Amino acid sequence: MIAGQGDDLERRRVRFQIDVGDGELVRAGARGMAEDLRRNPPTTGVGVLDRCVAILRAVEDGSRTFTDVVEATGLSRSTAHRLIQGLEDHGFLAVIGGFGYVLGPRLLALATAAQRDLPLRQLAHPALERLARSTGESAQLYVRDDDRRVCIDTAESESELRTIVEIGASLPLTKGSAGAVFLAWTGEHDRARLIATAEDPERLRRKLSTTRRRGWADSVAERAPGVASVSAPISGPDGALLAVVSVSGPAARLGQLRAKRYAPAVLEAAREIEGTLGA
């Protein structure tokens, strides 16, 4: 929807209130925290914890045998054996025959829970604000909800003529650049099922191929007349598609011929958000 300056601006935050404090913490240095901790693990003073983490880091970095782990950590063989056994018992390590030690299934479960609980809106909001300022257009953050995409945060353009996507808006996956990004990075079976529901399946199939190749998508008047957008994927710490970031505006300003000018800024915003998530 395109709106003028006189529209009710309060609806921008009707459903959700953003804790800007979290965004300030990210800007102050939380970006890339997971990678920083991996490269520079702290010494906590809790010896057994530090030694267990050292073992996990060794396996993460490629130590596959008991001797490899001992050499990488500097632990005595008896201590390493005892801690490795405990980590295996709790599911943090596993042994695969013919391959060796790998990180265990319990870590995967914890990673899934951590990703689910990440305050995505708060972490991404500073990047949305910067994207809106740098492009002069409205910016949105979407997550997938079954066969739809839902806008969970926005940063509106200051232009009198601008697009407004309300927070909480549920939109189709088969229309718009954000929908194309979700479909381009979904599973093959799921993608084929949704393509079959599109107004022009072959055109959408070609568009998704282009989206995958260049890493972003654009659209003009697909979801609403006179509205254009550019979108890029946001991957979570596990590499899977987590969300999509977009800019949208009147097609007269953000049409197909101008989309390439906006794509670098959208891609930069996506990478910035990934950095706050430790991806």
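Val227 has Pro250 of strand β10 as its bridge partner. That pair is one of nine bridges joining strand β9, residues 227-235, to strand β10, residues 241-250. The two strands run antiparallel. Further along, Ile234 is bridged to Ala243 of β10. Before I go on, please note that this is a predicted model.

Now the turn between these two strands. The hairpin of β9 and β10 has five residues between the strands. Gly239 in that hairpin takes a positive phi near 90°.

β10 also has a neighbour on another side of the story, namely β4. Five bridges join β4 to β10, and this pair runs antiparallel as well. Here Leu141 stands opposite Val245 in β10. As for how β10 sits in the model, it is mostly covered, with nine of its ten residues buried.

Let me put those strands into the whole sheet. As a reminder, strands of a sheet pair through backbone hydrogen bonds, either parallel or antiparallel. In this sheet the pairing is antiparallel. The sheet is open and has six strands, in the order β7-β5-β4-β10-β9-β8. Which strands are at the edges? They are β7, residues 170-172, and β8, residues 217-220, and each of them pairs on one side only. From one strand to the next, the twist averages 35°.

Next, the helices on this sheet. Helix α7 lies across β4 (138-145), β5 (148-155) and β10. The direction of α7 is at about 65° to β5. Helix α11 packs on the sheet too, where it touches β8, β9 and β10. The direction of α11 makes about 30° with that of β9.

These two helices also meet each other. Two packed helices are described by the angle between their axes and the distance between the axes. For α7, residues 120-135, and α11, residues 259-277, the angle is about 160° and the axes are 9 Å apart. Angles over 145 degrees count as roughly antiparallel, so α7 is roughly antiparallel to α11. Their crossing is right-handed. On the α7 side the contact includes Leu120, Leu123, Ala124 and Ala127. On the α11 side it includes Tyr262, Ala265, Val266 and Ala269. Sorted by class, this contact has eleven nonpolar, three polar and two charged residues. Arg130 of α7 and Glu272 of α11 are among the residues that make the contact.

Helix α3, residues 47-60, packs with helix α5, residues 77-89, at about 80°, with the axes 10 Å apart. Angles of 65 to 115 degrees count as roughly perpendicular, which means α3 is roughly perpendicular to α5. α3 contributes Val48, Arg51, Cys52, Ile55 and Leu56 to the contact. α5 contributes Thr79, Ala80, Leu83, Ile84 and Leu87. By class, the residues of this contact divide into eight nonpolar, one polar and one charged.

Two single residues are worth a minute. Take Thr211, which is found in helix α10, residues 201-214. Is Thr211 buried or exposed? Buried means under 20% relative accessible area, and Thr211 counts as buried because its relative accessibility is 1%. Leaving aside residues up to four places away in sequence, Thr211 touches Ala180, Val181, Ala184, Trp185, Trp216 and Ala217.

The other is Asp147, in the loop between β4 and β5. Asp147 has a relative accessible area of 26%, so it is partly exposed. Again without residues up to four places away in sequence, Asp147 touches Leu173, Arg193 and Leu194. How far apart in space are Asp147 and Pro172? They are 7.2 Å apart, C-alpha to C-alpha, while 25 residues apart in sequence.

To finish, the chain as a whole. The protein chain has eleven helices and ten strands. Of its 279 residues, 44% are buried. Among contacts between residues at least 6 apart in sequence, 59% join residues at least 24 apart.

Methods: Residues are numbered from 1 along each chain as its sequence is written. This is a predicted model: local features need pLDDT of at least 70, side-chain atom pairs count only at pLDDT 80 or more; totals for chains, interfaces and linings use all residues. Side-chain values use heavy atoms; hydrogens and water are left out. Helices (H or I, at least four residues) and strands (E, at least two) are DSSP runs, numbered from the N terminus. Buried means under 20% relative accessible area, exposed over 50%, partly exposed in between (1.4 Å probe, protein chains only). Contact means heavy atoms within 4.5 Å. Axes are lines fitted to C-alpha atoms, for helices over the stretch in contact, and angles run from 0 to 180 degrees between N-to-C directions. Angles under 35 degrees count as roughly parallel, over 145 as roughly antiparallel, 65 to 115 as roughly perpendicular and the rest as oblique. A crossing is left-handed if the near helix is turned anticlockwise from the far one by less than a right angle, and right-handed if clockwise. Ala, Val, Leu, Ile, Met, Phe, Trp, Tyr, Cys and Pro count as nonpolar, Asp, Glu, Lys and Arg as charged, and the others, Gly among them, as polar. Two strands pair if DSSP finds at least two bridges between them.
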